[in-house]
Amino acid sequence: MDNILIWLMIIPLVFSLAIFLLRAAGWRTRRVPEILHLISITLILAFTVGAASLTFTRGSLATLAEQFYADQLTAVFLLVIGIMGFLNGLYAIGYLRYDLEKGEVGVEDLSTFYGFFHLFLFTMIFTVLSNNIALMWVGIEATTLGSVFLVGLYGKKTSLEAAWKYILICSVGIAFALYGTILIYAGSFNLLHNAHNSMLWTEVVQAAGALDPQVVKLAFVFILIGFGTKAGLFAVHTWLPDAHSEAPSPVSSLLSGVLLKCALFAIIRYYMIAAKCLGPGFPRTLLLVFGVLSIACAAFLIFAQRDIKRMFAYSSIENIGIIATGLGIGGPLGVFAALLHTINHSITKSLLFCTSGNILIKYGTRDIGKIKGLFKTAPVTAVLLGGGALGIAGCPPLNIFISKLLTISAGIKAGYLWLMILCLALLVVVFASFLRLLGETLFGEAPEGVTIGDVNWLTLLPLVILFALMLGLGIHTPEPLYQLLQGAAALVSGI
């Protein structure tokens with residue numbers, strides 16, 4: 001059954017190549033790429049849930065000489081990739097049909113989009129399954145190459161500029177992570193004297209206590225800077241608002257809801273090595289500092305935005321900061337809160353970015369000042385935007401309220417009372433920003449020329465499911481998910 005990990009990587013890669021071949025063969029059709037796309041995202045969902053279930057019951061899975069490995073921590077991130085990949089992929093079908101009608105893309109661009117969409121999913125799955133630390137680095141770098149063409153899909157000056165900024169900043173940042181990876185490999189090779197085992201994260205983490213502390217300390221700094229660039233941590237986040245705002249809405253959703261988490265996954269893997277070698281103090285302090293700075297930076301930038309997608313993009317930086325803060329607080333409760341927030345943010349931010357796509361379809365603009373009377377023009381979209389905005393702001397009983405509350409509680413319990421008070425003050429600024437957004441967009445008279453009526457069901461159904469997940473996880477955490485998160489938190493905490 002460990003071959004399920006291989007199938008998880010084969011499926012998106014094969015379907016990506018098949019869709020690219022359609023374009024190379026000159027097939028100018030919408031229907032066939034859509035069918036292949038739908039089959040692929042359904043299979044990916046089924047296999048990610050299957051792999052997570054097996055990991056939950058067996059503890060871990062490994063294949064291909066342990067080059068690929070899944071434990072309960074991996075299972076959490078696989079579920080995020082599989083579920084968000086399916087729902088955003090479903091939304092993308094309806095969204096691109098509108099783009100095709102308006103002439104934003106041509107029929108051949110559909111094959112380009114769906115091909116790179118599945119290549120992007122492949123690179124993220126490859127990253128979280130990689131037990132080889134060199135392959136993990138390759139996977140993170142490949143996610144950039146797999147998604148940059150999606151960011152620049154429309155070919156406009158602003159989208160192309162965002163794509164170039166994305167690839168340049170992230171590639172430079174990832175170079176720092178390469179230095180960290182090399183340092184860890186060199187240190188483990190000197191200890192294990194086995195090139196194969198020195199590359200395997202499972203072997204390195206077991207031997208971490210005997211590694212040279214100075215080497216590990218320097219390596220973790222490089223890792224945090226490098227992978228932190230891809231995760232969108234302060235102050236290496238500058239690519240994120242441009243890329244997220246200029247990409248097609250389902251791509252923005254994947255970038256924010258899934259890609260950032262893959263970079264965090266790599267940081268967590270090295271955090272576990274650093275904590276065993278140096279003790280938890282050093283890596284936790286760095287994560288706590290960068291986490292709180294990310295929240296502080298994003299809170300005021302969110303308040304200043306007038307572009308709805310840039311506002312949501314800066315909110316991603318804030319929420320990545322919350323996750324990093326939870327990891328920095330540490331302990332079973334802090335790590336549990338961080339992992340729960342990883343899932344909650346993925347759901348809520350996917351809802352928001354896809355809802356912004358519906359708004360763009362209706363109003364033809366991202367300018368908050370020009371989006372008025374949404375309740376009158378698109379009532380279902382208005383309810384979804386309202387729910388998503390209140391959810392991301394941390395309003396009960398929605399899911400992010402729970403993970404934010406757990407993070408603050410863990411911080412107070414760990415002795416960071418004043419730091420948590422500062423975080424709460426910053427979160428109040430965020431809350432006020434999203435309340436202002438709702439007040440400006442949901443009410444009032446709609447601009448002339450905006451048609452009355454919601455978009456098609458394909459662009460609403462995935463959002464309704466996301467809204468139900470957001471509300472459901474705010475009311476109750478299912479027992480299997482709770483146990484999976486507890487197991488993952490115990491692994492990271494070293495309990």
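Reader: How do the residues of the lining of the largest cavity divide into nonpolar, polar and charged?

Author: In this predicted model, the lining of the largest cavity divides into five nonpolar residues, two polar and one charged. The residues concerned are Ile295, Ile322, Thr325, Lys404, Thr407, Ile408, Cys423 and Leu427.

Reader: Which elements give two or more residues to the lining of the largest cavity?

Author: They are helix H13 (308-329), helix H17 (399-413) and helix H18 (417-441). H17 gives the most, with three residues.

Reader: Why is the other kind of space called a pocket?

Author: A pocket is so called because it is an open set of points with protein on both sides within 12 Å along at least five of seven lines. The largest pocket holds about 370 Å³ of space. Its lining has 17 residues, and the closest to its centre are Leu79, Ile83, Ile343, Leu481 and Leu484. Helices H2 (31-58), H3 (72-102), H14 (331-363), H19 (461-475) and H20 (479-493) each give two or more residues to this lining.

Reader: How many residues of each class does the lining of the largest pocket have?

Author: The lining of the largest pocket has 15 nonpolar residues, two polar and no charged ones.

Notes: Residues numbered from 1 in each chain as written. Predicted model: local features only at pLDDT ≥ 70, side-chain atom pairs only at ≥ 80, totals over all residues. Heavy atoms only, no water. 1 Å grid on protein atoms, 1.4 Å probe; cavity = no way out; pocket = protein on both sides within 12 Å on 5 of 7 lines; lining within 4 Å. Points joined across faces, edges and corners; volume = space filled by probe spheres on them. Helix = DSSP H or I, 4+ residues; strand = E, 2+ residues; numbered from the N terminus. Nonpolar A, V, L, I, M, F, W, Y, C, P; charged D, E, K, R; others polar.
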